[in-house]
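This briefing is meant to be read beside the sequence and the coordinates. It takes up charged pairs first, then the sheet, and then a few individual residues.

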Amino acid sequence: MTRVLAVTNQKGGVGKTTTAVNLSACLAESGQRVLLIDLDPQGNATTGCGVVKRVALPTVYQILIGRSTIGDTRLPTDFGFDLLPANRELAGAEIDLIDIAQREYRLRDALASVRDSYDVILMDCPPALNMLTVNGLVAADRVMIPMQCEYYALEGLTDLVATLKKIRANLNPRLEIEGLLRTMYDPRSTLTQQVSGELEGHFGDKVYRTIIPRNVRLAEAPSYGKPVIAFDRSSKGAQAYVLLAQEVLDRCLGSAAAKTAVLGVE
């Protein structure tokens with residue numbers, strides 16, 4: 001059963017793109033068929049996969065405005081997963097979608113033709129609640145929220161949860177929070193430990209057990225156009241994303257088993 005997962009947070013600089021790229025690579029290595037969708041006009045996920053974004057055409061932009069299909073747009077990467085690239089022309093989608101009917105559902109409808117070709121579809125959403133993010137949330141089944149353990153992150157999380165409730169109420173009733181991912185974690189900070197404890201106390205098992213540490217090799221890998229497991233597999237950052245991929249798969253299997261039990265299917 002395909003899992004469509006939006007990696008999102010309205011706050012920037014929390015590790016969304018790093019998570020989307022590295023989780024895609026780790027899931028692909030574990031044998032999953034993975035599609036990564038870059039929904040950010042900055043195109044950082046595209047660059048992080050070794051694709052030169054200025055020559056990446058067509059992109060998600062052409063898909064959203066109906067000038068291309070996912071089959072004609074996706075690119076195979078050197079790391080075992082497919083990519084729908086993005087570049088700065090995607091910023092124009094906000095304006096171009098204004099007069100298009102059902103504009104919030106453009107990505108969801110486009111994915112329908114290829115959804116069964118993948119086990120996991122990941123979307124790297126921009127750090128803003130715009131039409132690109134809305135398209136990602138409407139297309140998604142679940143949401144992964146990367147966040148730093150700091151005070152302002154808690155405030156932003158409250159706003160994001162409110163946004164997700166609105167999307168669920170008005171556009172996508174199946175949308176759920178898959179989990180909260182603690183990123184750039186520094187265990188030496190007392191505040192970091194306090195915020196981490198508050199997250200666990202309030203959200204319980206919605207908080208991933210895996211913690212992504214602050215790691216130099218994670219920061220360096222995108223400049224080489226590689227996920228960290230292809231750049232430095234022995235690094236703490238690479239090891240953390242391998243563990244996260246396994247935890248994501250465990251949750252998917254658990255969810256599928258629960259659904260099977262409810263349906264009474266063996």
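In this predicted model, E178 is buried, with a relative accessible area of 4%. R3 is likewise buried, at a relative accessible area of 7%, and the side chains of R3 and E178 meet in a salt bridge with an N to O distance of 2.9 Å. Because R3 lies in strand β1 (residues 3-7) and E178 in strand β7, this pair ties together parts that are 175 residues apart in sequence.

**Salt bridges**

- The count for the model comes to 15 salt bridges, and one network of such bridges links R3, R142, E176 and E178.
- R33 forms a salt bridge with D119, in which the closest N and O atoms are 3.1 Å apart; since R33 lies in the loop between α1 and β2, and D119 in the loop between α6 and β5 (120-124), the pair ties together parts that are 86 residues apart in sequence.
- R33 is partly exposed, with a relative accessible area of 41%, and D119 is also partly exposed, with a value of 23%.
- R188 forms a salt bridge with D186, the closest N and O atoms being 3.0 Å apart, and R188 counts as exposed at 74% relative accessibility.

**A buried aspartate without a salt bridge**

- D38, placed in strand β2 (residues 34-38), is buried yet has no salt bridge, and the nearest side chain of opposite charge, that of K53, is 7.5 Å away.
- A polar atom of the D38 side chain lies 3.5 Å from the backbone nitrogen of A45.
- Leaving out residues up to four places away in sequence, D38 touches a set of residues that includes G43, N44, A45, T46, V60, L84 and D124.

**The sheet**

- Eight strands form an open sheet with mixed pairing, in the order β3-β4-β2-β5-β1-β6-β7-β8; its edge strands are β3 (75-76) and β8, each of which pairs on one side only.
- Strand β6 (residues 142-148) and β7 run parallel and are joined by seven bridges, with T183 in β7 as the bridge partner of Q148.
- Strand β7 (residues 176-185) also pairs in the parallel sense with strand β8 (residues 207-213), over three bridges, and Y185 stands opposite P213 in β8.
- Together with helix α9 (residues 190-203), strands β7 and β8 make a right-handed β-α-β unit.

- M184 is found in strand β7 and has a phi near 50°, a positive value in a residue other than glycine; M184 is partly exposed, with a relative accessible area of 28%.
- Q102, which is not a glycine either, has a positive phi of about 55°; Q102 is found in the loop between α5 (93-96) and α6 (106-111), where its relative accessibility of 52% makes it count as exposed.

**A buried serine in a helix**

- S24 has its place in helix α1 (residues 16-29) and counts as buried, at 0% relative accessibility.
- A polar atom of the S24 side chain lies 2.7 Å from the backbone oxygen of A20.
- With neighbours within four places in sequence left aside, S24 is in contact with T19, V34, L36, F81 and L122.
- The C-alpha atoms of S24 and M123 are separated by 9.9 Å, although these residues are 99 residues apart along the chain.

Key: Residues are numbered from 1 along each chain as its sequence is written. This is a predicted model: local features need pLDDT of at least 70, side-chain atom pairs count only at pLDDT 80 or more; totals for chains, interfaces and linings use all residues. Side-chain values use heavy atoms; hydrogens and water are left out. Two strands pair if DSSP finds at least two bridges between them. Helices (H or I, at least four residues) and strands (E, at least two) are DSSP runs, numbered from the N terminus. A crossover is right-handed if, with the strands pointing away from the viewer, the path from the first strand over the helix to the second runs clockwise. Buried means under 20% relative accessible area, exposed over 50%, partly exposed in between (1.4 Å probe, protein chains only). Lys and Arg count as positive and Asp and Glu as negative; His and the chain ends are not counted. A salt bridge is a side-chain nitrogen of Lys or Arg within 4 Å of a carboxyl oxygen of Asp or Glu. A polar contact is a pair of N or O atoms within 3.5 Å; within protein, one must be able to donate a hydrogen and the other to accept it, and residues adjacent in sequence count only if both atoms are side-chain atoms. Contact means heavy atoms within 4.5 Å.
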